[in-house]
Every structure is written in C-alpha cells, then in structure tokens.
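Dear colleague,

Here is the structure I said I would pass on. Please look it over before reading the notes below it.

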Amino acid sequence: MTQPISLSRTRKIPGSFVVNGERHDITFSSHKTLLEVLREDLGLTGTKHGCELGECGACAVLVDGMPVLSCLALAAAYQDRGIATVEGMADGPSLHPLQEAFVELGAAQCGYCTPGVLLTARALLNENPRPTRHEIKKALAGNLCRCTGYIKIYEAVELAARRMRGEEAEPLEESLHGY
Amino acid sequence: MGTDAGRKPYSVIGTPRAKVDAATKCTGEAIFADDLVLPRMLSCKMLRSPHPHARIMRIDTAKAHALDGVHAVITGADLPIPFGILPVSQDEHALAPDHVRFIGDAVAAVAARDEDTATAALDLIEVEYHVLPPIGSVAQAATTPEPQLHGYADQGNLHKLIHLEFGDVEAGFGRADLVQDDVFFYEGSTHLPIEQHAALARYDKNGRLTLWSSTQTPHYVHRALAKVLELPPSRIRVIATPNGGGFGGKSDPFPHEIVVSKLAILTGRPVKICLTREEVFYCHRGRHPVLMRVRTGVTKDGSITAMDFESYLDGGAYGSYGVASAYYTGALQTVTYQVPAYRFRGARAFTNKAPCGPKRGHGTPQPRFAVEVTLDKIAERLELDPAAMRLRHLQPANSITANYLKIGTMGLGQCIERVCAGSGWNTRFRKLPYGYGLGLACSSYITGAGLPIYWNAMPHSGVQLKCDRGGGVTVFCGSTDIGQGSDSVLAYIVAEVLGLDPMKIAVVTADTDLTPVDLGSYSSRVTLMMGQAAIQAAERVKECIARAVAAKLDLSMERLTFSGERVCDREHPEDGMSFADAVVLAESASGTIGAVGSYTPARSPGRYRGSGVGPSPAYSYSACVAEVLVDGDTGIVQVPKVWIAHDVGQAINPALVMGQIEGGVYMGLGEALMEEMSYRENRNLVHKWPSMLEYKSPTTLEMCDVTTYLVGEPDPNGPFGAKEAGQGPLLPVMPAVANAIYDAVGVRIDEVPMSPPKVLKAIQAKAKGKEPRVGPTEAPDVAWPPVTAVPTPAEGGDGRAVEPGRAPAGGR
Amino acid sequence: MLRLSPCTASFPETIDEAVAEKVAHGQAASYVAGGTDLYPNMKRRVQTPAHVIDIRGIPQLRRLETLPDGRLAIGSCVTLTELIRQPAVQEGWPVLSHAAALISTPLLQNMGTIGGNLLLDTRCNYYDQGYEWRKAIDFCMKKDGAICWVAPSSPRCWAVQSSDLVPVVVALDASIRFQGPDGARTARARDLYLNDGIDFLAKRPDELLTTVELPSLAGARASYEKLRRRGSFDFPVLGVAAWARMNGATVSEARIVIGAVGSAPLVSDEAAAFLVGQELSDDTIDQAARIAARPAKPLDNTDFTIGWRKDMVPVYLRRALAALR
C-alpha cells in the first residue's frame with residue numbers, strides 16, 4: 001500500500017529568505033516548496049499555482065534573475081538567494097515597463113498566469129533587450145495561458161522592450177482594432 | 001464601425017483603453033479565492049470515489065475524527081438535500097449519501113488545521129463500496145436501461161430525448177438536387193482554467209454565512225446554498241472572487257462550495273478548500289462528447305432545402321446544464337444560412353464519467369463543426385466555391401428562422417468577404433501545393449440566453465448607481481469578472497452616459513449582499529444585459545442631475561451635455577459646472593442621488609417545448625480561414641495562420657474584443673488539434689489524463705498567427721449596439737482547420753481532435769485507394785419520442801407546436 | 001494544493017558527506033538535485049523518502065570542463081540551461097545542447113540537471129498519476145500494485161525510458177562516473193540502463209552519479225530527433241539519437257539509439273553495422289531505418305496511439321540519419 005502521509009515527519013526549521021530585496025527570517029515546514037513559503041509564510045500571494053507539478057508555469061519566480069518553477073523548488077534549498085516575485089516588479093508606485101505594457105494592451109485577462117509570465121519576460125529582456133517574436137515565444141514556451149492566446153502578451157513584451165531601450169513606442173493600431 | 005476612420009460618436013465606447021483592474025492583475029494585488037486567509041482558518045480536503053459506479057455500504061470516519069488537528073469530518077448523511085443548476089435536474093449531492101456515479105464523486109470531507117493533516121485524515125476514512133457495472137458510452141447507455149443512474153431520466157439511462165420538427169423536412173428533401181449525409185464525432189474537452197477552483201466559507205456569530213468562491217455564477221450558488229443548508233438566503237452572502245479563468249467550468253454550484261460552508265457552520269471557524277488539478281478535472285462540466293448525423297438537402301446552387309440533425313451527447317454522471325446543452329446542439333443551425341425546414345433529434349445519455357456542462361460555446365461548437373464541414377463537402381460536390389456558396393444563402397438580417405429565432409443585425413457576409421480578401425482565398429484555395437491548405441468556416445453565437453436558468457419574471461441583470469458629493473460614482477452589479485473585463489465594461493458604459501472618466505468609477509460586483517442580481521457570466525450575456533441595465537440606471541441618474549442643473553442654468557434639459565466630467569450647455573460649454581458640483585446641486589434639490597436599472601430580454605416568439613434554448617437579444621457572427629501545413633509522413637498538422645472576422649456590432653473596448661477573439665481562436669485551435677477529455681473504458685473508466693501535462697493545451701509554440709477583422713453595424717438590442725465576443729470566435733476554428741486539411745492533403749477528418757494518428761491513417765487509406773476519411777459511420781439506435789411538430793413562420797405558424805392528431809395551420 | 005509528502009532535507013557540501021548520509025538513512029533517503037522528477041513523484045506519492053539529500057551545493061558536481069584529451073567532463077549537477085548555453089558544449093557537442101533544449105520548458109531547464117535527466121524515473125500512463133487515480137485502478141506493478149496495466153499478463157513492468165539525454169549519451173558512448181560507499185566506479189552509458197520498468201538502472205541506490213564524460217566529437221557527427229505532441233513541456237513519445245564517424249563520405253563507425261519505445265534505450269547494433277562502409281544515401285538510410293525499427297515495440301504508456309508511434313519509428317530514424325549528412 002502507498003504510505004499514508006506521515007505527519008510525524010513534519011519538521012519546522014528556521015530559515016532566511018531574501019525576497020524582492022527584503023530579508024525574512026522565519027520558521028517553516030521543511031517539506032514546503034518555495035511557492036508555499038512565499039504564499040503562506042510570507043503572505044506574498046502574487047505568485048500563483050495551477051498544478052503544483054511544474055506543468056503550467058503559473059508559479060514562476062526569479063532566483064538570482066533566472067526563472068524557476070517555485071512549485072518544484074524545495075524552499076530550504078533557496079535560502080539566501082535573491083528571489084524576485086511579481087510584488088517586487090513595480091518601483092514604488094511606478095509600474096515596471098512590462099506591467100505598463102500589459103495594462104495598456106489588455107495582455108492580462110483573468111490575470112492568473114500573469115505574474116509568472118511577467119517575471120519570465122523580465123528575465124528575457126534583462127538578457128536580451130531586443131528579442132524577436134520567435135525568441136519571445138521560446139522564452140514563454142513554459143508559461144501556459146488559457147485566456148489570451150498569447151498574442152497580446154507578445155505585443156506587450158515587444159512594446160515594453162522598445163520602451164526599455166529608450167524608444168518612444170505606442171501599441172500598433174492593428175493590435176487594438178484589428179485590420 | 002471597425003476601421004471607419006473619423007467616426008467617433010462616443011468618448012469612451014469604441015476606444016481601446018486599459019481595464020479598470022488591469023494594474024491589480026499585473027502586480028499581484030488582485031485577490032483570488034486561494035489568496036484569502038482568515039484568522040483561525042481550517043483547511044478542507046475531500047474524499048472521492050475510486051469507483052465509477054457503486055453504492056456506499058458503510059462509511060466510518062471515527063479514525064479520521066480522532067487524528068490530532070482534525071476539527072470535523074462529514075459525509076453524505078450530513079448534507080442530504082440535493083441540488084443542481086437546472087430546476088429539472090436537481091440530482092447532485094454535495095457528498096454522495098449512497099450512490100456514487102463517477103471516479104471523483106465526493107463522499108466525505110475533512111476540516112483540519114492544515115492541508116497535510118486533512119490529507120492524512122482522508123487516508124483514515126474507511127469506505128466500503130458495493131461496486132456496480134459502469135456505463136461508459138452513449139451506445140452502452142442506450143442499451144443498458146438498468147440500473148438507472150438517475151430515476152428521473154426520460155428513458156432508462158437516456159437523460160433527455162428531444163424530437164423537434166419545423167416545417168416539412170421530407171418534402172424539403174424531395175425538392176433537393178442532392179442530399180448529403182454525414183456522421184461526425186466531436187470529443188469532449190475541458191476548460192482547464194489556470195486557477196483551480198477554491199472557496200472559503202465563514203459562519204459568523206450572528207449566524208450569517210459568507211462564501212468567497214471562484215465562481216462565475218454567485219447568484220446560482222447563493223440559491224443552492226440556501227436550499228442545501230436550509231438557511232434563509234438572507235443569511236447567506238456569496239462573493240465571487242475574480243476568476244482565474246472560467247470558460248463555463250465555474251458556472252455550476254459545486255459540492256466543495258457547499259462542503260466548506262457546512263464545515264464552517266459545524267466548526268465555527270473559517271474553512272477553505274483549493275482543489276488539486278486532478279479534482280478540477282473531476283469537477284469538469286465541460287464540452288459534451290457528441291456524435292452527430294446530419295442530412296442536408298440542397299439545390300444545385302447550394303441553397304438548403306431541408307436539414308435533419310441528430311446529436312447524441314455523452315453527459316457524464318449528472319445533469320448539470322445538460323438539458324440546455326442538448327437543446328443547444330440543435331438550436332443555432334438555422335441562424336447562419338437559410339434553412340426552411342429543419343428536424344432536430346437530440347439524446348443525452350448518463351454515463352459514469354465526470355459530468356459535462358457548458359464550455360465556451362455551450363453545445364454549439366459540435367454541431368457547427370458538422371454543418372461547416374458538411375457544407376464544404378456539398379460545395380465540392382456542387383462544384384461551387386465554399387465562400388461564394390455561403391454568401392448566396394445567408395439568413396437575412398432582421399428575420400426569423402424556421403425555429404423561431406429572431407435575427408437582428410447579421411454581418412456574416414461582411415465577415416466572409418474580409419477573411420477571403422485577407423487570406424487570398426480566391427487565388428489560393430484548391431491551388432496550394434500538396435501539404436498546404438486553406439479552409440473556411442463560419443459560425444454564430446448568442447449574446448445572452450433569452451431565458452434564465454430558473455423560471456421567473458424578474459430581470460436578468462440589475463445595476464445600482466450611487467453618486468457621491470465629491471463627484472465619485474459607484475456602480476453595483478451582480479456580474480462576475482472572469483477575465484473578460486465585465487467590471488471594466490460596466491465602468492465604461494456608466495462613464496459614457498455620465499461623461500466621466502471610467503478609471504474614477506468605483507465598481508462593486510458579484511456580492512449577493514451588496515449588488516443587485518445579475519445571473520452570471522455565461523452565455524455571453526454580461527455586456528449586453530448588464531450594459532443595458534447600466535444604461536438605464538445611468539440615464540435615470542443623469543435625468544435627476546440634469547433637472548437640477550437645468551433649473552440652475554435656466555435652460556431646458558435637452559440643452560445639457562454630460563462630458564469631460566462636466567455638465568454644461570452644449571451650445572455654450574462655458575456655461576456649466578463640474579459633475580461634482582452638479583451632484584451637490586441635485587442632492588440639495590432632491591435628496592440623496594441614486595438609481596437602479598434592470599434588463600430583461602424580450603420574449604421570443606417560439607412557444608413550443610424547447611423554445612427556451614436558442615433565443616437571444618442578438619447574435620454575433622464569425623468567419624474564419626485557417627491555413628494549415630500537413631506533414632504527409634507523420635500526419636502532424638501545423639496551423640501557422642488564421643484570419644478571423646467577427647461581427648461584434650459595436651466594440652465597447654476594441655482591445656478587449658481583440659483579446660477575446662485571439663483567445664477564442666487559441667481555444668478553438670486546442671480543441672481542433674489536441675484537447676481530449678477521454679477515459680479508459682477497459683480500466684475502470686478512469687480519466688486518461690487528469691493533469692496539465694497530459695491534457696494537451698497549446699503552448700506559445702503551437703499558437704497560430706491571427707489576423708483579426710472587427711466588423712458589423714451596431715445592433716439596436718445591444719448597449720451602444722454591442723454584441724458578444726467571448727464565445728463566437730472559437731466556433732469556426734475547428735471546422736476551418738478540418739476543411740483546410742482536406743484542401744492540403746485531400747482527406748476528411750470527420751472527428752475532433754484532428755490528431756496526427758487520424759490524419760496519417762486517412763492519408764494512408766487514400767494512398768491505398770480506400771475512402772480518404774477517418775470518422776464514425778453510424779449513429780446509435782435510439783427510440784425517439786413522438787415528434788413535436790412546429791409550423792414555421794413562413795408556413796404561417798404562431799410559434800406553437802401542432803397537437804398530435806391535428807393538421808398544422810397553413811396546411812401541408 | 002498538492003504538497004510534498006513530509007520530509008526533512010540536508011545540503012551536504014562534499015561527495016563523501018552526501019554518500020555517508022545516504023548510507024546512514026538507507027532507503028528512507030533520496031539524492032536530489034533539481035527536484036523536477038522527484039518532487040512531482042513525491043506529490044503524487046509514488047516516491048516518499050523521509051529525507052532528501054540535495055547535492056547541488058557540492059562544487060565538484062557543478063563543474064563543466066573540456067579535458068586535455070578532448071573529452072567533455074560534465075558534473076552531474078550541471079543544469080540543462082548550462083548545457084544549452086555553454087559555448088564549450090554548443091561548439092564541441094552541439095547535439096547535447098540541442099537535445100537539452102528540447103527538454104520540457106525553459107523554466108524547468110533552469111533547474112533540471114544532466115544527472116537527474118540521465119537517472120529519470122521511467123514513466124507510464126498508469127504510474128505518473130495522482131494517488132487517488134492510482135487507487136481507482138488498484139495501483140500498478142511499479143508502485144503498490146501487482147499488475148502492469150500496459151501488459152496485464154506480463155510478469156514485468158513496462159514503464160518507459162523517457163529521457164532525451166539518455167539516447168544521446170548512449171549514442172555518444174559516454175562514461176558515467178559514480179561514487180559510492182565502496183569507492184568510485186565508471187560505467188559505459190549503454191550499460192547503465194536495464195530493460196525493466198522498475199529496475200531500470202544498473203546502479204546501487206547509494207551510488208551518487210558524479211560526472212558524465214563524453215568523447216570528443218572530432219571527425220564524427222551526431223543528431224537527435226524528438227517526437228512529442230507539443231513543442232514544450234512534453235516528454236518524448238519517441239526519440240532517436242544517431243552518431244557516425246565518417247571517413248570522407250563513408251561511415252566508418254555508427255551508433256543508433258531509440259528512446260521512449262521501451263524501458264531501456266534501444267540500441268541497434270545491427271543497423272549501425274549495416275551502415276559501416278556505406279554512404280549516407282537515401283537508400284542506405286531507409287534500409288538502416290527499417291533494420292533499426294524492427295525491434296521497436298512501443299506500448300500504451302505514453303501519449304498517442306501505439307500503432308502511430310510504431311509507424312513513426314522508421315520516419316524519425318530516417319530523419320536522424322539524414323541529419324548526419
């Protein structure tokens with residue numbers, strides 16, 4: 001028979017997490033994933049979950065700038081690393097250019113995949129400020145969305161990229177009105 | 001409309017702008033159900049049946065109760081009152097009291113200090129089942145009347161049988177030059193919202209229950225809770241949290257919502273549940289698998305003389321919206337091309353699988369696939385161009401169909417022209433090299449169902465407005481934002497009428513304590529019905545304010561204009577005041593400012609049994625050309641490009657309409673190529689793939705490029721002329737892909753999804769000189785009830801069925 | 001929410017520490033690196049170690065270097081993203097970068113490691129399912145049940161090898177180094193994999209995979225073709241790795257390995273022998289493909305139908321061989 005869940009193995013351990021530049025010293029269960037610690041122990045519910053098995057990308061966060069699946073990251077292994085969640089993307093009251101572009105183009109419909117997509121896109125633009133449409137698709141190939149069909153997401157990433165390169169850029173008419 | 005440059009009659013409507021909640025969705029500020037935390041909150045997990053069909057002989061929860069950290073354990077005995085979304089199929093229990101009907105049917109629930117403890121407790125619940133033989137298919141249901149899954153079924157395990165005839169179908173076939181006879185199968189699929197269902201219940205010390213839930217239909221959940229918990233509705237508050245995707249999968253009242261409510265009452269503590277992805281597959285309520293047979297009589301020029309449509313729905317274990325779904329598989333065949341005589345027979349079966357219900361398009365994508373592919377075959381036989389043939393026989397605008405559906409604006413012709421022009425149809429169709437193909441298909445969808453889910457004479461949507469002395473406006477409505485932007489549409493409409501900035505309007509929605517009833521986000525009803533109610537409320541407030549301002553300025557009310565957050569003389573705009581001052585003036589004159597508005601659709605002319613499904617205040621139209629690339633060695637189909645034109649009447653916010661169209665194309669592509677909600681009949685009827693990995697939905701790498709055309713003229717029944725966009729654009733994609741595959745490699749895949757093994761099999765058959773087709777060849781044998789014969793409007797009918805034994809009016 | 005079965009974790013900093021810990025815990029502990037295979041298994045309760053030993057903190061295991069003799073030494077905790085991007089790999093062993101880039105998604109590639117991928121648990125439609133689902137089929141031979149549902153009358157488990165890097169490293173004739181309580185050991189990649197869904201590794205549980213060494217590809221070419229439903233996320237339903245050392249236009253040595261059609265990678269010595277001395281013409285490729293495809297018998301443990309997957313084997317063999325031209 002499959003082992004029943006053995007609660008006696010549950011251990012609380014002390015740990016230290018650096019999230020969006022702030023250090024948090026907490027006590028947490030040793031078998032928690034980074035997703036669970038962020039949401040449940042640190043109250044940062046911006047990071048979402050769609051499957052908890054690494055099959056949808058909704059839980060993506062950045063670890064030292066690199067997008068990872070927080071649902072498969074054992075929290076204890078990610079202490080003292082630089083973790084970025086969606087809550088840290090805005091600069092005070094000012095939205096990150098990616099967030100601005102998503103808002104402008106309606107690239108977030110239900111918004112549930114959005115935090116993971118934004119962070120993955122941010123990592124892409126940090127590394128490649130001038131991505132082609134194909135490069136954007138490949139970078140986001142691990143982020144499922146059921147609402148948008150991805151198109152407004154690509155357009156928003158491209159718009160943000162141009163602005164981040166210092167260009168004055170507006171959405172294309174066809175994006176917003178069709179042809 | 002659309003690309004008409006320079007014509008901008010509105011200041012808000014028709015202009016692309018951000019949603020009012022866009023920033024909260026992009027910053028992590030938006031609170032979804034599983035984000036909610038209350039002090040002393042307990043976690044709930046549910047135990048589900050491992051058998052597709054069984055009786056519960058014994059259930060013992062003592063050991064689970066005894067586990068440290070467990071606060072309550074309940075079973076079916078604690079929730080004996082049944083519920084269900086439709087009044088005619090109140091066949092569900094929150095926890096099965098004795099009869100489990102599919103793997104996933106819940107039998108017990110635990111509230112514990114955390115999810116790990118609740119999960120451990122589930123392992124300690126002992127259930128003894130007496131296993132019963134399961135029913136795995138429509139064919140099996142048709143031949144296995146006993147044991148009945150539900151005693152109320154029309155016939156054995158056939159839940160619902162429908163037999164309607166409009167006009168004289170046989171005479172119509174007699175007039176035809178050609179009768180095309182096709183059989184199709186459309187597999188089931190599920191919504192797969194990224195957000196799993198979650199709900200949090202709190203029962204306070206005043207005896208009031210509050211339920212936060214990711215639901216599209218808080219009003220229907222409210223009714224179900226009152227019924228099952230035997231609490232007055234006035235002591236229950238349901239708040240729909242923003243849905244992380246719905247698509248129809250969150251439109252039923254669910255067992256888990258009732259369970260957490262009951263546990264909150266029993267423990268006196270808040271109780272939350274978030275379903276695992278596997279459990280979301282068991283909630284399902286998705287697209288019915290449907291086998292269809294369609295016989296279509298046409299004259300040489302492609303004009304339809306008669307259509308005889310049969311559909312066989314695999315309904316799963318419970319009714320859900322299934323009766324409506326069954327009717328929908330027969331309702332909208334007549335709204336695109338003229339069909340003067342029409343017969344529909346529909347059968348929905350109960351089977352021991354997750355219950356099917358409404359998924360985007362609700363029962364219409366399957367028959368639309370059948371109609372559009374059958375027409376493609378007809379066009380080929382008649383040597384007519386499929387686009388030209390359709391254009392010649394469109395159902396006219398402002399007409400009434402054989403089955404009594406009132407068509408208003410009808411922009412399908414324009415849609416077809418745009419996608420044909422855009423795709424180079426005339427120079428490329430039937431002219432591309434082997435492996436490349438174009439396919440055309442069209443469709444239509446309702447803009448809100450004409451009838452509510454439960455019979456009543458009350459409005460379908462209510463809006464309340466409040467004006468603050470500081471100039472702020474708050475608008476209240478029961479509508480639910482599931483990502484489509486309904487909260488924003490509400491703000492845009494009120495802003496348009498009152499001349500305000502939509503971002504300064506406070507929107508309060510989806511709270512049964514605070515907001516007037518709106519029936520919910522399904523059937524593409526919200527923009528139209530909420531919108532019309534909002535216009536009414538705003539016009540009433542506007543009138544009250546205008547009266548005060550007119551008196552002050554000594555003008556007639558007609559001279560006043562509300563724009564730019566001011567109220568002024570339209571001929572001398574400097575004579576006026578800020579909206580805030582206008583409110584102060586009006587409040588001083590007549591007391592606190594507020595108004596309500598409501599909307600009820602007009603009654604449809606159909607009076608026959610079943611006429612409640614199909615009518616709508618307005619119908620949207622879509623046309624789609626798909627370009628495909630088929631690999632002849634593997635059968636793999638790629639869809640690099642889709643052109644889609646959608647008649648939306650008037651886009652309230654074109655950017656949001658674009659998003660709905662692109663999302664609809666995406667979801668249609670998923671169904672066309674890869675989505676399958678299927679079960680292992682020889683392995684205890686387990687679901688094949690209840691995970692996001694194995695249930696295939698397209699990634700960025702599969703999604704096609706989309707060129708979108710927004711067309712149409714404002715429809716008088718829609719708010720500012722608007723029609724729907726949330727469901728229509730999905731419908732033509734699957735048949736367009738099927739028709740494109742035929743153009744590419746000369747094979748017919750009369751089954752959805754059109755997966756590589758099927759395509760390759762057809763290609764291989766063609767190479768061997770056999771019929772180049774994959775698909776079903778026959779329909780199950782069903783004993784249909786006597787026909788309900790309805791003379792058509794053209795025959796002088798009055799919408800009523802003929803009584804059996806009497807000659808129809810108009811003579812036949 | 002699906003959660004990990006409760007466990008504790010440790011983060012050793014040397015190989016000896018890690019091995020000693022594993023020996024001390026015995027079966028109750030698992031080594032883990034990226035966790036992208038073990039943690040989903042734990043959430044679905046097919047593997048429930050009480051303790052996990054996260055080895056990513058051991059510096060030796062993260063090294064990637066070209067050795068003086070031209071071989072590539074890859075520490076077992078080198079991530080898939082590193083394999084994709086490191087110039088040494090892209091230039092010297094492009095087939096490895098290419099295959100790694102086909103694995104799952106960029107998010108997972110950032111976490112998953114070569115060691116983890118080479119030791120990937122075998123997979124099956126009846127095994128890679130949640131606990132409740134498996135209860136409904138009375139479990140399966142690989143975990144808690146008695147019957148292999150893919151082949152109910154068979155005495156063995158037929159779970160399928162589902163890694164993309166396994167066929168590649170076997171085709172490249174990699175050496176795999178282990179460190180265990182009794183010392184170090186090197187195995188040929190080809191010998192590491194056994195034809196059984198449960199006992200699919202010729203490796204003791206307490207042995208830690210430390211390094212993968214690839215011979216230089218100088219004078220040789222290699223390819224990998226993957227078949228799956230979508231362009232990301234999905235495991236292979238078929239994978240073909242091919243390697244050939246050329247003498248001008250003629251093959252002097254070849255290796256052909258088919259993945260995802262059995263519990264172990266399927267090596268076709270016969271097809272490889274056939275190619276020796278031949279040019280890679282359409283005809284020889286076709287014949288070699290037929291020979292190699294014959295013993296491939298996919299079963300119903302992945303996406304797609306068995307018949308179609310079987311039909312695809314020669315197609316993808318031809319493509320992999322043609323890519324060597």
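About 1100 Å² is buried between domain 1 of chain A and domain 2 of chain A, and carbon and sulfur atoms give 64% of that area; buried area here is the accessible area (1.4 Å probe) that two parts lose on being put together, summed over both. Of the area that domain 1 of chain A buries against domain 2 of chain A, 38% is supplied by A:K48, A:L62 and A:V86, more than by any other three residues.

This is a predicted model, in which local features need pLDDT of at least 70 and side-chain atom pairs count only at pLDDT 80 or more, while totals for chains, interfaces and linings use all residues. Residues are numbered from 1 along each chain as its sequence is written, chains are lettered from A and ligands numbered from 1 in the order in which they are written, and side-chain values use heavy atoms, with hydrogens and water left out.

The two domains of chain A span 10-88 and 97-177, with bounds that come from an automatic or database domain assignment, and their C-alpha centres lie 24 Å apart. The contact (heavy atoms within 4.5 Å) takes 16 residues from domain 1 of chain A and 12 residues from domain 2 of chain A. Across this domain interface the rule finds 0 salt bridges, a salt bridge being a side-chain nitrogen of Lys or Arg within 4 Å of a carboxyl oxygen of Asp or Glu.

Chain A and chain B bury about 4600 Å² between them, 60% of it on carbon and sulfur atoms. A:Q109, A:R146 and A:Y179 supply 19% of the area that chain A buries against chain B, more than any other three residues. Their contact takes 48 residues from chain A and 63 residues from chain B. The rule finds 6 salt bridges across the interface of chain A and chain B, and the side chains of B:E662 and A:K152 meet in a salt bridge at 2.9 Å, N to O.

In chain C, an open sheet of 4 strands runs in the order β9-β10-β11-β12 with antiparallel pairing, where strands are DSSP runs (E, at least two residues) numbered from the N terminus and two of them pair if DSSP finds at least two bridges between them. The edge strands are β9 (220-227) and β12 (266-267) of chain C, each pairing on one side only. Strand β11 (residues 250-259) of chain C pairs with β12(C) in the antiparallel sense over 2 bridges, and C:I258 stands opposite C:L266 in β12(C).
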